[in-house]
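Student: I would like to go through this model and see what can be read from its coordinates. Can we take it one question at a time?

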Amino acid sequence: MKPKVQPGKRVAVLGAGSWGTTFAKILADGGADVMLWARRPELAREISEGRRNSDYLPGINLPVGLRATSRLDLALLGAEQVFVSVPSQSLRENLIQAQPYISEDAIVVSLMKGVERSSGMRMSTVIEQVLQIDPARIAAISGPNLALEIAKEQPTAAVVSSASLETAQAVAVLATTRYFRSYVNTDVIGTEFGGVLKNLIALAIGIVDGVGYGENTKAAIITRGLVEMTDFSVAYGAHPETLAGLAGLGDLIATCQSPLSRNNTAGRLLGQGYSYNDVVKQMQQTTEGLASVGPILELARARGVEMPIVEQVRQVLAGTLKPRDLAPHLTTDSDEPQGERTTDDGQAHGGAALWGAVKRTFDQLRHSGRGPGGN
Ligand SMILES: NC(=O)C1=CN([C@@H]2O[C@H](COP(=O)(O)OP(=O)(O)OC[C@H]3O[C@@H](n4cnc5c(N)ncnc54)[C@H](O)[C@@H]3O)[C@@H](O)[C@H]2O)C=CC1
Ligand SMILES: O=C(CO)COP(=O)(O)O
């Protein structure tokens with residue numbers, strides 16, 4: 001394959017699970033000189049010597065040029081771009097360990113789709129806080145990107161987002177290959193929240209699938225779920241178009257439709273009657289949605305955003321709502337007919353939207369736009 005970038009451009013990928021390894025393959029196939037960091041030395045050896053990551057990507061041959069190490073100093077040596085793909089809850093501790101080896105002008109890119117449970121922070125803001133770097137050097141990538149499909153070189157796309165368009169473009173140049181196309185935007189909030197929120201809707205889809213409900217129920221949840229995703233993200237400063245793009249609707253479709261999705265799978269097990277603890281035990285891989293439900297609902301409350309589907313997912317996880325009772329209600333506390341669009345609510349629901357907008361503006365002023373999920 002013809003390299004797209006100057007051979008020898010050093011990049012590091014931290015995290016050798018399914019997405020980190022797949023992304024390392026994308027970068028290597030695109031022509032970059034990639035060093036992948038795996039926590040376990042035996043996994044680093046399997047990747048470097050056997051060109052396999054059999055636990056996470058069974059049957060996939062990795063590119064010859066892709067090297068792996070369990071030493072952070074070696075992984076990060078000379079890396080111009082650092083891609084991070086560890087579970088969201090371990091990002092902070094991993095960054096603290098990596099910090100001494102990250103070069104001063106490196107771009108740091110989040111591949112993750114969670115929020116930090118303890119703080120509600122998005123991954124790029126954890127990166128900014130821990131590494132104390134300019135947001136212009138930080139990017140986030142999101143889109144319909146089920147790892148195993150991409151590892152099999154089935155074509156797809158993603159969006160690279162950064163406060164600096166130049167940074168987003170520099171990352172997109174490296175993160176592009178025959179089967180993977182990177183677009184760019186500067187809406188980091190919308191791009192990251194899109195990835196986080198679609199996991200919660202995929203849990204809901206899995207739940208109703210596990211119950212045995214059909215396509216109408218799922219289509220209604222996907223559609224109303226997108227409204228929740230958009231309302232929430234816009235309340236935190238995102239552009240609504242981002243949620244209609246690859247990082248929103250695109251990823252929502254992929255995750256809600258695919259049995260490869262861990263969030264969808266976890267939901268299905270809940271819908272089949274397994275308890276939360278049983279599901280956690282059965283999930284071998286990172287299931288970000290399970291940890292994101294609580295912090296997202298707290299953030300929603302702080303900005304007066306209604307998220308009835310996500311709230312019902314929380315209740316199913318807590319065992320207080322039967323999976324078969326999860327329904328795509330517009331609100332959890334009213335049976336009154338309501339407008340489908342938020343802007344219809346003014347006529348159909350006694351000025352609820354107007355009141356929501358006023359309350360949101362008031363809250364934003366109160367928090368000076370510096371809430372944990374905001375800019
Ligand atoms: N798998 C996928 O299709 C995609 C995943 N993502 C996101 O990528 C992120 C990583 O997910 P996956 O690679 O899928 O998860 P995974 O479960 O396949 O792999 C996670 C990796 O992190 C390692 N790990 C676990 N605890 C750790 C710790 N405390 N410190 C360092 N490493 C640790 C594991 O050993 C494993 O190598 C998540 O935020 C996920 O939402 C994004 C797009 C696609
Ligand atoms: O983000 C993903 C696809 O874009 C992967 O989804 P899961 O984490 O649910 O497997």
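**Aromatic contacts, pockets and backbone**

Tutor: This is a predicted model. To begin, phenylalanine 232 and tyrosine 236 are both buried.

Student: Which phenylalanine forms an edge-to-face aromatic pair with phenylalanine 232?

Tutor: By the ring-centre rule the count comes to six aromatic pairs. In one of them the centres are 4.9 Å apart and the planes stand at 90 degrees, which makes the pair edge-to-face because the limit for that class is over 60 degrees. The partner of phenylalanine 232 in this pair is phenylalanine 193.

Student: Which helices does that pair link, and how many residues apart are the two phenylalanines?

Tutor: The pair links distant parts of the chain. Phenylalanine 193 belongs to helix α8 and phenylalanine 232 to helix α9, residues 215-235.

Student: How is the pair of phenylalanine 232 and tyrosine 236 classed?

Tutor: The centres of phenylalanine 232 and tyrosine 236 lie 5.2 Å apart, with 35 degrees between the planes. Stacked needs under 30 degrees and edge-to-face over 60, so this pair falls in the remaining class. The pair is tilted.

Student: Which arginine has its charged end over the ring of phenylalanine 193?

Tutor: A charge counts as sitting over a ring if it is within 6 Å of the ring centre and within 35 degrees of the ring normal. For phenylalanine 193 the distance from the ring centre is 5.6 Å. Another case is the ring of tyrosine 183, with the charged end of arginine 181 at 4.8 Å from its centre. Over phenylalanine 193 the residue is arginine 122.

Student: Which residues form one aromatic cluster?

Tutor: A cluster is put together from aromatic rings, here including a tryptophan. The members are Trp19, Phe23, Phe83 and Phe180.

Student: Why does the largest pocket lie between domain 1 and domain 2?

Tutor: About 1500 Å³ of space lies in the largest pocket. Of its 49 lining residues, Ser18, Arg262, Gln285, Thr286 and Thr287 are the closest to the centre. The pocket lies between the domains because residues of the lining come from both domain 1 (10-186) and domain 2 (190-333).

Student: Which element gives the largest share of the lining of the largest cavity?

Tutor: The count comes to one cavity of 30 Å³ or more, and about 30 Å³ of space lies in the largest cavity. Its lining consists of Met112, Lys113, Ala140, Ile141, Ser142, Thr191 and Glu192, divided into three nonpolar, two polar and two charged residues. Two or more of these residues come from each of α8 and β6 (138-142). The largest share, three residues, comes from β6.

Student: Is asparagine 263 buried or exposed?

Tutor: Asparagine 263 lies in helix α12. Its C-alpha atom is separated by 6.2 Å from that of glycine 289, 26 residues apart along the chain. The relative accessibility of asparagine 263 is 5%, and the limit for the class is under 20%, so asparagine 263 counts as buried.

Student: What separates the C-alpha atoms of aspartate 73 and valine 126?

Tutor: Aspartate 73 is placed in helix α3, residues 72-76. At 27% relative accessibility, aspartate 73 counts as partly exposed. Along the chain, aspartate 73 and valine 126 are 53 residues apart, and their C-alpha atoms are separated by 21 Å.

Student: In which loop is arginine 51 found?

Tutor: Most residues other than glycine have a negative phi. Arginine 51 is not a glycine, yet its phi is positive, about 50 degrees. At 33% relative accessibility, arginine 51 counts as partly exposed. The loop is the one between α2 (41-50) and β3 (67-69).

Student: What is the phi of glutamate 153 near?

Tutor: Glutamate 153 is in the loop between α6 and β7 (156-161). Glutamate 153 is partly exposed, with a relative accessible area of 29%. Its phi is positive, in a residue other than glycine, and is near 65 degrees.

Key
Residues numbered from 1 in each chain as written. Chains lettered and ligands numbered in written order. Predicted model: local features only at pLDDT ≥ 70, side-chain atom pairs only at ≥ 80, totals over all residues. Heavy atoms only, no water. 1 Å grid on protein atoms, 1.4 Å probe; cavity = no way out; pocket = protein on both sides within 12 Å on 5 of 7 lines; lining within 4 Å. Points joined across faces, edges and corners; volume = space filled by probe spheres on them. Domains from an automatic or database assignment. Phe/Tyr/Trp six-rings, centres within 6.5 Å; stacked < 30°, edge-to-face > 60°. Helix = DSSP H or I, 4+ residues; strand = E, 2+ residues; numbered from the N terminus. Buried < 20%, exposed > 50% of the residue type's maximum accessible area, 1.4 Å probe, protein only. Nonpolar A, V, L, I, M, F, W, Y, C, P; charged D, E, K, R; others polar.
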